[in-house]
Amino acid sequence: MIISGGDLAERVRLYSDDFTFGDVNNDGMTDAVDASSVLSYYAMISTNQEGGYSVVQKTAADVNQDGEVNAVDASNILSYYAYISTAKEEIKPMKEFMKK
């Protein structure tokens with residue numbers, strides 16, 4: 001599966017196995033650290049500063065796939081972390097979780 005990522009100036013094609021939605025720091029876990037990172041990134045870009053994310057990180061952070069990385073994505077990552085931390089059934093991937 002090929003996914004478009006990044007803004008228009010840096011449009012690239014990313015393969016879905018190059019990243020995991022929500023795992024912004026690519027440590028193999030989607031957790032509160034990722035949500036905090038997204039909030040920090042959003043704060044930086046909201047004040048016209050460089051956020052420091054690569055195209056892959058921006059794509060992983062944009063969990064609702066609306067083309068923007070913002071507080072909504074951070075909230076969704078945190079919700080997903082709560083879900084995977086408490087789920088008793090088989091855990092859905094982030095992409096499936098976001099279809100709720």
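In what follows, a contact means heavy atoms within 4.5 Å. The structure is a predicted model, in which local features need a pLDDT of at least 70 and side-chain atom pairs count only at pLDDT 80 or more, while totals for chains, interfaces and linings use all residues. Residues are numbered from 1 along each chain as its sequence is written, and side-chain values use heavy atoms, with hydrogens and water left out.

The confidence of the predictor in each residue is given as pLDDT, on a scale from 0 to 100. For this chain the average pLDDT is 87, and 83% of the residues score at least 70. Over residues 1–12, however, the pLDDT is below 50, although this stretch has 29 contacts in the model beyond near neighbours in sequence. Where pLDDT is low, the predicted coordinates should not be read in detail.

The chain contains four helices and two strands; these are DSSP runs numbered from the N terminus, with helices (H or I) of at least four residues and strands (E) of at least two. Along the sequence, the elements follow the pattern β-β-α-α-α-α. Of the 100 residues of the chain, 32% count as buried, where buried means under 20% relative accessible area, exposed means over 50%, and partly exposed lies in between, with a 1.4 Å probe and protein chains only. Among the contacts with a separation of 6 or more, 49% come from residues 24 or more positions apart.

Helix α1 has 15 residues, and its first and last C-alpha atoms are 21 Å apart, close to the 21 Å expected at 1.5 Å a residue; the expected span is 1.5 Å times one less than the number of residues. Its buried residues are D34, A35, V38 and Y41. They cover an arc of only 120 degrees around the axis, which puts them on the same side of α1; the arc is that of the directions from the helix axis to the C-beta atoms. The cover over these buried residues includes α2 and α3.

Within the helix lies S37, which counts as partly exposed because its relative accessibility is 26%. Leaving aside neighbours within four places in sequence, S37 is in contact with V24 and Y53. The side chains of S37 and Y53 make a polar contact at 2.6 Å; such a contact is a pair of N or O atoms within 3.5 Å, where within protein one must be able to donate a hydrogen and the other to accept it, and residues adjacent in sequence count only if both atoms are side-chain atoms. Just after α1, N48 takes a positive phi of about 60 degrees.

The loop between α2 and α3 holds D62. This residue counts as buried because its relative accessibility is 11%. Beyond neighbours within four places in sequence, D62 is in contact with F21, G67, E68, V69 and D73.

Helix α3 comprises residues 71–86, and its 16 residues should span 22 Å at 1.5 Å a residue; the end C-alpha atoms are 23 Å apart, which agrees. At its start, a side-chain oxygen of N70 reaches to within 3.0 Å of the backbone nitrogen of V72. The buried residues of α3 are D73, A74, N76, I77, Y80 and Y83. What covers them includes α1 (32–46), α2 (55–61) and α4 (94–97).
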